[in-house]
Amino acid sequence: MKRPTVAIVGLGLVGGSLARALTRAGYRVIGHDRPRVLRQAVAARAITVAARSVPLAVAAADVVVLAASPRTNRRLLSQVARAARPGTTLTDVGSVKRGICADARRLRSFVGGHPMAGREASGFAASKPDLFQGRRWILTPDADAAPASVRAVRALVRAVGARPVVMSPAEHDRAVAFLSHVPQVVAWALFGAAQKDRVAKAHLDVAGPAFRDMTRLWRSPKPLWREILRENETEVTAALRSLMAQLRRPV
């Protein structure tokens, strides 16, 4: 069975890892990003074709993956839909789903997606082909999504070693507020509190595994995370209130 040609718009940590994994699995991958990133991806043999524009990347693809930040993906969606051939499957890898899925409601070929995999590092240099191995990949297809598009995205997910899980966009955003977004906020808060305490700051070098594990995420890129938190503000606020209620309970 012939594998589809996949265009990935955005070759950062997730998009770059997806490109590496799909290329390793035998897919033809078209990549689009800034020229410097494209040169890195070509040198790493992560992509088959380097496209200098979004329309060029999309025109020859069977599946298009939006792998930029959530708001950038939303801005690109209409441009990609116009440039794509009829029947081209569209998906994304953003960590907030309600907004983009609402934007794509009339596009039966769109299937929202979010791999539950990542690192505190960012950019193509941090990407790796086994990032998704054994991880869950949440899919949020609309009720009217084309069955062929849902099958195509499921196939890509399985090709990179991940396991697809289906949720509604609202269910996804509520769940990841607790499971992903608030942990990021807590990591920043805990590390920031230790840094502001004169004694703790002087002895950060003696921190054990618990502190290191809980604050690993403080290195994550703040501009991207501020955007994610704004996109999912309602659910993150509710999750933080729930966390504060738990903290007030006696141990």
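Modeller: Before we talk charges: Lys and Arg count as positive, Asp and Glu as negative, while His and the chain ends are not counted. And keep in mind that this is a predicted model.

Biologist: Fine. How many positive and negative side chains does the protein have, then?

Modeller: There are 41 positive and 17 negative ones. The centres of the two sets lie 5 Å apart.

Biologist: What about the overall fold, how many helices and strands?

Modeller: The protein has 11 helices and eight strands. The C-alpha trace spans about 60 × 40 × 30 Å along its principal axes.

Biologist: And how does the radius of gyration sit with a compact globule?

Modeller: It agrees: for 251 residues a compact globule would come out near 18 Å, and the protein has 19 Å. As for burial, 44% of the 251 residues count as buried.

Biologist: Let's switch to α1. Is that helix largely enclosed or open, and why?

Modeller: Largely enclosed by the rest of the structure, because nine of its 12 residues are buried. Among them are L13, V14, L18 and L22.

Biologist: What do those buried residues pack against?

Modeller: Several strands, including β1 (6-9), β2 (29-32) and β4 (63-66), plus the helix α6 (147-159).

Biologist: How does the span of α1 compare with what it should be?

Modeller: At 1.5 Å a residue, helix α1 (residues 13-24) should span 16 Å, and its end C-alpha atoms are 16 Å apart, so the two agree.

Biologist: Which residue takes a positive phi just after α1?

Modeller: That's G26, with a phi of about 100°.

Conventions:
Residues are numbered from 1 along each chain as its sequence is written. This is a predicted model: local features need pLDDT of at least 70, side-chain atom pairs count only at pLDDT 80 or more; totals for chains, interfaces and linings use all residues. Side-chain values use heavy atoms; hydrogens and water are left out. Helices (H or I, at least four residues) and strands (E, at least two) are DSSP runs, numbered from the N terminus. The expected span of a helix is 1.5 Å times one less than its number of residues. Buried means under 20% relative accessible area, exposed over 50%, partly exposed in between (1.4 Å probe, protein chains only). Contact means heavy atoms within 4.5 Å. The radius of gyration is taken over C-alpha atoms; the globule rule is 2.2 Å times the number of residues to the power 0.38. The place of a charge is taken as NZ of Lys, CZ of Arg, CG of Asp or CD of Glu.
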